[in-house]
Amino acid sequence: MKLDCKHVWEHISEYIDNTVDAKLREDIELHLEHCEICSAILDSTRNILVLTADDRTFELPVGYSKRLHERLREEIEKSKH
């Protein structure tokens with residue numbers, strides 16, 4: 001089965017955790033060979049896991065939370081249409 005990006009994104013955590021079945025893992029890997037966006041998302045997700053496992057804390061810029069929530073709200077609205 002040929003996967004599209006949305007399917008890969010739905011299974012990215014399981015792929016990283018190595019809990020997807022062998023066929024799906026193979027399909028995801030084939031997709032990742034040709035999709036720069038999904039490869040970047042995979043790398044970013046792995047980086048986030050490394051950073052969140054670290055005990056260090058980071059100061060967020062002023063207004064970050066508000067901008068994040070606004071952006072999320074916009075993306076949710078776009079996906080409804």
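Let's start where α3 meets α4. From α3 come His31, Leu32 and His34. From α4 come Glu36, Cys38, Ser39 and Leu42. By class, this contact has three nonpolar, three polar and one charged residues. Keep in mind that this is a predicted model.

Now the geometry. Helix α3 covers residues 22-34, and helix α4 covers residues 36-53. Their axes lie 6 Å apart, at an angle of about 110°. That angle falls between 65 and 115 degrees, so α3 is roughly perpendicular to α4. The crossing of the two is left-handed.

Next, the core. Which residues make up the largest nonpolar core? There are eleven in all: Leu3, Val8, Ile12, Tyr15, Val20, Leu24, Ile28, Leu32, Cys35, Cys38 and Leu42. Which elements give two or more residues to this core? They are α2, residues 12-17, along with α3 and α4. The most comes from α3, with three residues. Look again at Leu32, Cys38 and Leu42: they belong to this core, and they also take part in the contact of α3 with α4.

Stay with one core member, Val20. What does Val20 touch, leaving aside neighbours within four places in sequence? Its contacts are His11, Glu14, Tyr15 and Arg25. Of these, Tyr15 is also in the core.

Last stop, His69. You will find His69 in helix α5, residues 64-80. Its relative accessible area is 45%. Buried means under 20% and exposed means over 50%, so His69 counts as partly exposed.

Terms used
Residues numbered from 1 in each chain as written. Predicted model: local features only at pLDDT ≥ 70, side-chain atom pairs only at ≥ 80, totals over all residues. Heavy atoms only, no water. Axes fitted to C-alpha atoms, helices over the stretch in contact; angles between N-to-C directions. Helix = DSSP H or I, 4+ residues; strand = E, 2+ residues; numbered from the N terminus. Parallel < 35°, antiparallel > 145°, perpendicular 65-115°, else oblique. Left-handed = near helix turned anticlockwise from the far one by under 90°. Contact = heavy atoms within 4.5 Å. Nonpolar A, V, L, I, M, F, W, Y, C, P; charged D, E, K, R; others polar. Core = buried A, V, L, I, M, F, W, Y, C linked by side-chain atoms within 4.5 Å. Buried < 20%, exposed > 50% of the residue type's maximum accessible area, 1.4 Å probe, protein only.
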